[in-house]
Amino acid sequence: MCLSLSAYAQEKNVDEATYCVPVKSISEEDLAFGAGESLTFTMHYEWGAINSDVGTGTVKMDTVRYNGMKAFHCSVYGKTTRLFDIFFKVREDFDSWFACDGLRPLKFTRDTHEGHYIAKNTYIYDWNAMEPHIDADVYSSSSGQRNLELPLTPCTYDLPALFFFARNMDIDNIVPGKKYPMTFAIDDDVYNVYFILYGRETIKVKGLGTVKTIKFAARLLAGEVFTGEEDMMIWVTDDDNRIPVLFEAPILVGTASGRLKSYSGLKHPFTSLIRK
């Protein structure tokens with residue numbers, strides 16, 4: 001799952017326009033998720049004769065007090081298996097804090113190790129400044145340590161916050177095939193990510209069962225792992241939870257995918273799972 005979260009992006013230097021996908025109410029009581037939700041994903045890799053599960057990812061949600069405000073705290077952790085560590089070791093550790101009402105991002109941290117590449121981010125969202133911005137402390141093994149300000153608009157998110165915001169899309173008001181852009185920050189820049197709705201599809205997910213889903217695409221970020229030339233495909237449950245159950249992404253060598261392995265603490269009934 002963490003590999004997928006680091007995938008969403010394409011164009012740098014996003015302008016100051018507000019980019020938001022149509023969403024349902026994002027007040028806390030109407031959200032697709034709630035505190036206590038936990039999702040576990042199995043990561044898979046295919047290239048030539050290799051066709052194997054290579055890692056796991058977990059996404060957990062709870063609530064905390066952040067500067068006196070009730071906030072969600074999302075923790076995302078991913079790792080490759082011991083066997084795959086020999087070929088390409090990955091450790092992803094993301095934490096995101098965002099407001100329970102409205103999902104406004106507050107803080108984000110990232111600690112990434114992908115092969116020989118290392119990246120660390122700490123973001124503080126300053127919404128009260130005359131010009132709202134992100135105070136960013138970033139490090140990468142390729143560029144070193146930097147402190148800078150990143151632009152901030154009402155539709156700028158970090159990756160975990162964007163993941164949860166997008167789960168509240170208003171499907172009835174999204175036009176299939178149309179690109180819906182948003183902005184998010186990662187490392188030392190702000191990017192434009194777009195979503196495309198393909199429609200409803202019933203699929204079989206290994207180890208989970210037959211699921212009624214809604215199929216999306218998201219643009220990928222070219223970098224240490226992803227090619228940036230093709231979209232990631234994402235299937236989310238066609239119920240009020242909007243849980244990703246399957247995603248596929250072309251990478252520099254081969255194809256990476258992930259599938260939902262287990263879940264707990266869902267806010268709504270898992271009605272889209274029609275057969276185990």
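Thr40 touches Gly57, Thr58, Arg259, Leu260, Lys261 and Ser262, if residues up to four places away in sequence are not counted; contact here means heavy atoms within 4.5 Å. The model is a predicted one, in which local features need pLDDT of at least 70 and side-chain atom pairs count only at pLDDT 80 or more, while totals for chains, interfaces and linings use all residues. Residues are numbered from 1 along each chain as its sequence is written, and side-chain values use heavy atoms, with hydrogens and water left out.

Thr40 belongs to strand S2, residues 38-47, where strands (E, at least two residues) and helices (H or I, at least four) are DSSP runs numbered from the N terminus.

With strand S3, residues 50-66, S2 pairs in the antiparallel sense over ten bridges, and Thr42 has Thr56 of S3 as its bridge partner. The hairpin of S2 and S3 has two residues between the strands, and Gly48 takes a positive phi near 60° there. S2 is also joined by nine bridges to strand S16, residues 255-264, again in an antiparallel arrangement, and in this pairing Glu46 stands opposite Thr255. In a regular strand the side chains alternate between the two faces of the sheet.

S10, H3 and S11 together make a right-handed β-α-β unit, a crossover being right-handed if, with the strands pointing away from the viewer, the path from the first strand over the helix to the second runs clockwise.

Helix H3 covers residues 159-166, and eight of its eight residues are buried, among them Leu159, Leu162 and Phe165. At the start of H3, a side-chain oxygen of Asp158 reaches to within 3.0 Å of the backbone nitrogen of Ala161. Strand S11, residues 179-186, is likewise mostly covered, with six of its eight residues buried.

From S11 the chain continues into strand S12, residues 189-205, and the two pair in the antiparallel sense over eight bridges, Pro181 having Tyr194 of S12 as its bridge partner. S11 and S12 form a hairpin with two residues between them, and Asp187 in the turn has a positive phi of about 55°.

What does the side chain of Asn121 reach with a polar atom? The backbone nitrogen of Asp187 lies 2.9 Å from a polar atom of that side chain, and a polar contact is defined as a pair of N or O atoms within 3.5 Å, of which, within protein, one must be able to donate a hydrogen and the other to accept it, with residues adjacent in sequence counted only if both atoms are side-chain atoms. Asn121 lies in strand S7, residues 117-126, and counts as buried because its relative accessibility is 2%. Leaving aside neighbours within four places in sequence, Asn121 is in contact with residues including Phe108, Arg110, Val138, Ile186 and Asp187.

The largest nonpolar core has 72 residues, and those with the most contacts inside it are Phe33, Phe98, Tyr123 and Val245. The largest share of this core, nine residues, comes from S12. A nonpolar core is a set of buried Ala, Val, Leu, Ile, Met, Phe, Trp, Tyr and Cys residues joined through side-chain atoms within 4.5 Å. Apart from neighbours within four places in sequence, Phe98 is in contact with residues including Phe33, Met61, Cys74, Ala161 and Phe164, and two of these, Ala161 and Phe164, are among the buried residues of H3.

Cys74 is buried because its relative accessible area is 0%, and Cys100 counts as buried at 2% relative accessibility. The count of disulfides, each a pair of cysteine sulfur atoms within 2.5 Å, comes to zero.

Across the whole protein, the secondary structure comes to three helices and 17 strands, and 54% of the 276 residues count as buried. Among contacts between residues at least 6 apart in sequence, 55% join residues at least 24 apart.

Methods:
Buried < 20%, exposed > 50% of the residue type's maximum accessible area, 1.4 Å probe, protein only. Pairing = 2+ DSSP bridges.
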